[in-house]
Amino acid sequence: MMQNVHLAPETDEDDLYSGYNDYNPTYDTEDLENDTAFQQAVRTSHGRRHPYKTSLASSMGRPMTGAIQDGVTRPMTAVRAAGFTKAALRGSSFDPLGQSRGPAPPLEAKNEDSPEEKIRQLEKKVNELVEESCIANSCGDLKLALEKAKDAGRKERVLVRQREQVTTPENINLDLTYSVLFNLANQYSANEMYTEALNTYQVIVKNKMFSNAGKLKVNMGNIYLKQRNYSKAIKFYRMALDQIPSVHKEMRIKIMQNIGVTFIKTGQYSDAINSFEHIMSMAPNLKAGFNLILSYFAIGDQEKMKKSFQKLIAVPLEIDEDDKYISPSDDPHTNLVIEAIKNDHLRQMERERKAMAEKYIMTAAKLIAPVIETSFAVGYDWCVEVVKASQYVELANDLEINKAITYLRQKDFTQAVDTLKMFEKKDSRVKSAAATNLSFLYYLENEFAQASSYADLAVNSDRYNPSALTNKGNTVFANGDYEKAAEFYKEALRNDSSCTEALYNIGLSYKKLNRLSEALDCFLKLHAILRNSAQVLYQIANVYELMEDPNQAIEWLMQLISVVPTDSRALSKLGELHDSEGDKSQAFQYYYESYRYFPSNIEVIEWLGAYYIDTQFCEKAIQYFERASLIQPTQVKWQLMVASCFRRSGNYQKALDTYKDIHKKFPENVECLRFLVRLCTDIGLKEVQEYATKLKRLEKMREIREQRIKSGRDGSGGSRGKREGSAGSESGQNCSASSKSERLSAKLRALPGTNEPYESSSNKEIDASYVDPLGPQVERPKTAAKKRVDEDDFADEELGDDLLPE
């Protein structure tokens with residue numbers, strides 16, 4: 001064959017394509033029938049060669065060199081240039097891309113009515129419904145998620161029936177069935193339909209065609225745990241543990257942790273300890289370590305608590321050091337990279353993990369410190385030493401501050417102050433925290449000079465500490481400089497917009513400055529943050545009352561009693577406002593409710609007694625005045641009112657006995673003797689002369705006393721005669737309490753004199769209003785300490801301006 005190959009002559013170097021168009025008769029197939037050598041080769045064994053020889057061109061994917069394809073001879077490589085053929089000389093155009101063949105034929109149209117296409121569309125719809133169900137669940141719309149999951153389940157069953165009719169059962173999509181059932185069970189569980197969820201999980205678990213379905217027994221155990229069926233929860237956890245291979249170490253650890261938590265809930269602390277000890281030996285983590293401490297605390301094993309605390313401290317956090325986020329050079333590219341990763345999602349996850357570790361350690365230390373040693377102080381010292389030797393060195397100072405807070409809870413203020421003063425020489429952050437707490441303590445003890453001094457120290461140590469600025473404002477507020485106090489509160493709010501104490505105290509400052517609209521704005525902003533704060537609701541109502549808008553004040557007080565329905569002070573304030581509006585029936589309702597919850601409020605008792613006298617139900621008023629006489633036994637007016645009610649109701653004998661008892665206790669009371677004289681005269685008793693003699697003697701002594709007082713003043717002013725027991729007199733004198741701008745007088749009906757008939761006083765007007773039993777209060781702002789002090793139930797406190805510090 002090589003003899004027919006023509007190489008380019010070496011002499012003619014310029015003619016690279018010489019011989020290209022020479023015709024080679026060897027590849028001419030037109031005369032093969034007349035070629036005797038070819039015909040002989042075909043008839044003999046010489047032509048029966050291996051088949052791959054004849055199919056070589058097709059198997060190579062291209063024609064062989066020199067082969068003829070579509071009437072065109074393929075040129076020899078490196079001899080004939082591509083694209084130059086004899087056909088080109090015969091008139092065919094150069095078309096290497098085959099564009100002359102025309103467009104490709106159109107795709108065959110899908111037959112939408114075919115069963116296979118219907119099955120594919122239905123399967124696609126089921127997948128979409130499962131995805132929509134999961135998305136709805138993640139958005140919090142649990143009902144929609146459940147509806148989508150049910151719809152997916154219905155369509156999936158239709159799909160299975162159609163597929164069984166078209167194909168063999170082996171072609172059923174088990175993965176789709178599994179995902180539909182699993183999602184449906186999850187949505188049932190999310191909607192707290194636990195029975196349906198368990199039934200759905202059982203369908204999956206019992207189907208042997210689903211691989212690894214045993215893992216779902218963990219979910220079934222979780223449902224039993226929510227139902228408080230702890231024995232079944234442990235059973236399913238253990239079944240899942242048996243079916244999960246040992247290579248899945250992390251999942252096995254989590255299941256064992258669930259088993260340990262369930263044992264704690266059942267009180268089987270020994271079994272819980274075994275589970276958590278195994279976890280801490282295989283793969284220690286923070287939750288298992290903390291639960292192990294709780295279990296040992298429950299059984300009271302001091303040494304084991306110490307060892308468990310040390311194990312908890314030793315749990316690796318697996319986070320990067322903070323030095324990684326500090327630029328080592330001034331390279332702008334490096335600085336940009338560090339700024340980018342300083343607050344990315346990974347960094348936030350590291351912060352959360354570290355915060356969680358610190359929370360577990362601090363909680364565990366506060367839990368075991370009082371019980372691992374003879375005293376809580378020694379226990380705290382041991383915990384501090386352990387923490388200092390670990391990677392959580394900065395927590396040691398926080399533990400010391402918690403030690404001081406514990407002293408506070410035990411009312412040992414001296415030890416608390418001494419502990420906090422040790423931080424005065426520490427770094428600025430710790431010093432500021434300690435000084436803030438010291439300022440808080442001295443403020444509560446009304447030592448405002450010391451409180452101001454430590455507040456200054458806290459502010460100087462950390463100018464951006466909102467608690468320190470709030471405490472400094474409190475000390476200024478206590479000295480009466482409300483403008484300057486408001487400036488400190490504003491600065492605290494600028495440093496920390498979530499400092500609700502500062503915003504509350506700004507409102508108090510504006511109220512003191514009589515800038516009521518600004519105070520109202522502050523309290524309304526605070527109400528938007530703390531929707532159910534009883535203190536804020538009361539302050540808003542109080543500001544509206546000061547702005548002389550009783551309707552708004554009543555509306556906000558109604559919101560207040562919806563938050564604290566048993567607060568007697570709020571109820572009495574509502575009664576007072578309705579009384580001022582002239583609505584006696586509503587006022588009576590709220591005063592009566594206030595009396596039910598706090599039956600020792602003298603002002604409420606006085607108003608109720610006066611209300612019954614005004615409505616001509618004197619016998620009902622007796623019980624209220626009797627209670628008032630028990631609360632204030634030295635006040636003769638309540639016992640006189642009891643006797644007066646007996647007299648008005650016609651029970652003269654009981655009234656006489658009551659007046660006699662009063663005379664024994666208060667022999668110098670003129671009003672009592674007057675009524676005794678009158679009653680004895682009407683009834684015809686012989687003691688009338690005795691009582692009349694005593695009355696004359698007392699009146700004469702009173703005249704002498706008044707003359708001495710008048711002469712002693714040398715005419716500097718009018719006489720002010722003191723009279724005990726102002727329940728009634730000839731001049732119709734009213735009983736009243738000392739009044740100031742914040743207290744209204746409580747006026748009762750004057751008792752009739754000796755010359756008046758018993759019924760004549762029934763037409764006199766009763767004006768019973770609210771009186772503050774403690775007198776006007778000093779309004780003190782909230783204090784902001786590093787550690788909040790727990791407040792008692794608000795129903796037991798009075799809703800005045802004097803608020804508890806936080």
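Guide: Two packed helices are described by the angle between their axes and the distance between the axes. Here the axes (lines fitted to C-alpha atoms over the stretch in contact, with angles from 0 to 180 degrees between N-to-C directions) of helix H11, residues 249-266, and helix H13, residues 286-299, come within 11 Å and cross at roughly 25 degrees. H11 and H13 are therefore roughly parallel to each other, a term for angles under 35 degrees. Helices are DSSP runs of H or I with at least four residues, numbered from the N terminus.

Visitor: Which residues of H11 and H13 make the contact?

Guide: Gln257, Val261 and Ile264 of H11 meet Lys287, Ala288, Asn291 and Ser295 of H13, contact meaning heavy atoms within 4.5 Å.

Visitor: On what basis are such values given?

Guide: This is a predicted model, in which local features need pLDDT of at least 70 and side-chain atom pairs count only at pLDDT 80 or more, while totals for chains, interfaces and linings use all residues. Residues are numbered from 1 along each chain as its sequence is written, and side-chain values use heavy atoms, leaving out hydrogens and water.

Visitor: Which residues have the most contacts inside the largest nonpolar core?

Guide: In soluble globular proteins, nonpolar side chains tend to be buried together. A nonpolar core is a set of buried (under 20% relative accessible area, 1.4 Å probe, protein chains only) Ala, Val, Leu, Ile, Met, Phe, Trp, Tyr and Cys residues joined through side-chain atoms within 4.5 Å. The largest has 132 residues, with Phe309, Cys383 and Val387 having the most contacts inside it. Beyond its neighbours within four places in sequence, Phe309 touches residues including Ile293, Ile361 and Trp382. A second, separate core of 43 residues includes Tyr595 and Tyr691.

Visitor: What share of the protein chain is buried?

Guide: Buried residues are 40% of the 806 in the protein chain.

Technical notes. Buried < 20%, exposed > 50% of the residue type's maximum accessible area, 1.4 Å probe, protein only. Helix = DSSP H or I, 4+ residues; strand = E, 2+ residues; numbered from the N terminus. Parallel < 35°, antiparallel > 145°, perpendicular 65-115°, else oblique.
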